[in-house]
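This report describes one protein model, element by element and then residue by residue. The sequence and structure come before the description.

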Amino acid sequence: MKILIIDDDQLTSTTWSMGLKSAGFDVDNATNGQDGINQAKSQKPDLILLDQIMPDMLGNEVLTTLKQDPETSPIPVILISNYNENQMMKDAIAQGAVDYILKYQIETKDLVDKVKTLFNEMNKSDAGTPTPPASTNTSGDNNPTGSA
């Protein structure tokens with residue numbers, strides 16, 4: 001399974017890449033929104049982990065672009081952020097993100113487990129029309145999990 005991490009934070013990208021690769025995933029990285037869009041179109045990853053705050057555009061803008069393009073719209077996207085901003089989270093989920101994770105609330109091992117669970121749920125639903133799993137909330141409240 002191929003995962004594309006779109007995040008300008010090199011430490012986060014490197015840490016998560018190493019964790020995901022050690023779990024057997026093929027991981028590519030993009031450091032800004034436009035590069036991420038281009039890589040998503042050319043590489044067709046099975047999942048995108050998308051940072052909310054980047055220098056060139058917001059993650060929600062990248063998400064909108066990906067979901068409007070027939071080539072990339074089926075790719076599940078998890079938004080990640082350091083900012084616990086409810087409206088940003090709600091907008092991302094409404095635009096088609098399968099989850100919203102707060103970076104400061106998740107360890108690399110937990111991210112790997114979450115990705116494995118997402119892929120297992122997607123594989124179970126492949127017996128018909130694929131449906132993305134409902135957003136999971138690990139924060140204990142009714143808001144999506146989040147990070148920017």
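Gln-34 is partly exposed, with a relative accessible area of 37%; here buried means under 20% relative accessible area, exposed over 50%, and partly exposed in between, using a 1.4 Å probe and protein chains only. Gln-34 belongs to helix H2. Leaving aside residues up to four places away in sequence, Gln-34 touches Asp-56 and Met-57, where a contact means heavy atoms within 4.5 Å. Gln-34 and Asp-56 are 22 residues apart along the chain, and their C-alpha atoms are separated by 7.5 Å.

## Basis of the description

The model is predicted: local features need pLDDT of at least 70 and side-chain atom pairs count only at pLDDT 80 or more, while totals for chains, interfaces and linings use all residues. Residues are numbered from 1 along each chain as its sequence is written, and side-chain values use heavy atoms, with hydrogens and water left out.

## Overall architecture

The protein contains 5 helices and 5 strands, arranged along the sequence as β-α-β-α-β-α-β-α-β-α. Helices (H or I, at least four residues) and strands (E, at least two) are DSSP runs, numbered from the N terminus.

Of the 148 residues, 45% count as buried. The protein exposes about 7,100 Å², of which carbon and sulfur atoms supply 50%; accessible areas come from the Shrake-Rupley method with a 1.4 Å probe, and for residues only the protein chains shown count as cover. Among contacts with a separation of 6 or more, 64% are between residues 24 or more positions apart.

## Strand S1 and its partners

Strand S1 (residues 2-6) runs parallel to strand S2 (residues 26-30), and 5 bridges join them. Two strands pair if DSSP finds at least two bridges between them. Within this pairing, Lys-2 stands opposite Asp-26 in S2. S1 also runs parallel to S3, to which 4 bridges join it, and Leu-4 is placed opposite Ile-48 in S3.

Because 4 of its 5 residues are buried, S1 is largely enclosed by the rest of the structure.

## Helix H1

Together with S1 and S2, helix H1 (residues 10-22) makes a right-handed β-α-β unit. A crossover is right-handed if, with the strands pointing away from the viewer, the path from the first strand over the helix to the second runs clockwise. At 1.5 Å a residue, the 13 residues of H1 should span 18 Å, and the end C-alpha atoms are 18 Å apart, which agrees; the expected span is 1.5 Å times one less than the number of residues.

Asp-9 caps the N-terminal end of H1, with a side-chain oxygen 3.0 Å from the backbone nitrogen of Leu-11. After H1 comes Gly-24, whose phi is positive, near 100 degrees. Thr-12, Ser-13, Trp-16, Ser-17, Gly-19 and Leu-20 are the buried residues of H1. These buried residues pack against S1, S2, strand S3 (47-51), strand S4 (77-81) and helix H5 (108-125).

## Lys-44 in a loop

Lys-44 lies in the loop between helix H2 (33-43) and S3. Its phi is near 45 degrees, a positive value in a residue other than glycine. Most residues other than glycine have a negative phi. Lys-44 counts as partly exposed, at 38% relative accessibility.

Asn-60 is in helix H3 (residues 59-68) and is buried, with a relative accessible area of 10%. Its side chain reaches the backbone oxygen of Met-88 at 3.4 Å. That distance falls under the definition of a polar contact, a pair of N or O atoms within 3.5 Å; within protein, one must be able to donate a hydrogen and the other to accept it, and residues adjacent in sequence count only if both atoms are side-chain atoms. Not counting residues up to four places away in sequence, Asn-60 touches Gln-52, Leu-79, Met-88, Asp-91, Ala-92 and Gln-95.

Lys-90 is found in helix H4 (residues 86-94). Lys-90 is partly exposed, with a relative accessible area of 47%. Lys-90 and Tyr-100 are 10 residues apart in sequence, with a C-alpha to C-alpha distance of 9.0 Å.
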